[in-house]
Amino acid sequence: MFIDDVARVGEAARELGAAFIGCPTDFVHSFQRELMREAGVRHVVSHLDEISEELLVRVDREAALGRVWEQPGGAQGREAGVGGG
């Protein structure tokens with residue numbers, strides 16, 4: 001599992017078949033959150049302290065089921081605290 005603030009790291013994790021949690025900066029001119037959504041990142045948090053044991057277990061479960069990634073394009077991207085199955 002990878003946790004990073006850069007969408008390209010998420011894309012690399014996807015290529016490896018690894019789970020990824022995005023934590024993009026809230027810098028006003030940053031496009032990382034949008035790029036993560038476009039890349040199919042399912043779980044995005046605003047702060048590292050939002051990464052709970054519950055979230056890690058959920059992401060691990062999704063990875064085991066092969067459901068850790070959305071289809072690219074962001075149509076179904078989810079915030080960590082909303083949905084996430």
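**The sheet and the helix packed on it**

Guide: An open sheet of three strands has the order S1-S2-S3, and its pairing is parallel. Strands S1 (2–4) and S3 (43–44) are the edge strands, each pairing on one side only. Two strands count as paired if DSSP finds at least two bridges between them. Helices (H or I, at least four residues) and strands (E, at least two) are DSSP runs, numbered from the N terminus.

The model is predicted: local features need pLDDT of at least 70 and side-chain atom pairs count only at pLDDT 80 or more, while totals for chains, interfaces and linings use all residues. Residues are numbered from 1 along each chain as its sequence is written, and side-chain values use heavy atoms, with hydrogens and water left out.

Strand S2 (residues 20–22) is joined to S3 by two bridges, and the two run parallel. Within this pairing, Ile21 stands opposite His43 in S3.

The part to look at closely is helix H3, residues 53–64. H3 has 12 residues and reaches 16 Å from its first C-alpha to its last, close to the 16 Å expected at 1.5 Å a residue; the expected span is 1.5 Å times one less than the number of residues. Its buried residues are Leu55, Arg58, Val59 and Glu62. Seen down the axis of H3, these fall within an arc of 95 degrees, so they line one face of the helix. The arc is taken over the directions from the helix axis to the C-beta atoms. An α-helix has 3.6 residues a turn, so residues three or four places apart point the same way.

Buried here means under 20% relative accessible area, exposed over 50%, and partly exposed in between (1.4 Å probe, protein chains only). Leu55 counts as buried because its relative accessibility is 3%. Between the C-alpha atoms of Leu55 and His43 the distance is 8.8 Å, with 12 residues separating them in sequence. The buried residues of H3 pack against S2 and S3, where a contact means heavy atoms within 4.5 Å. The face turned away from the buried side carries the exposed residues Glu53, Asp60 and Ala64. After H3 comes Gly66, whose phi is positive, near 75 degrees.

As for the whole protein, there are three helices and three strands, running β-α-β-α-β-α from the N terminus on. Of its 85 residues, 34% are buried. Among contacts with a separation of 6 or more, 53% are between residues 24 or more positions apart.
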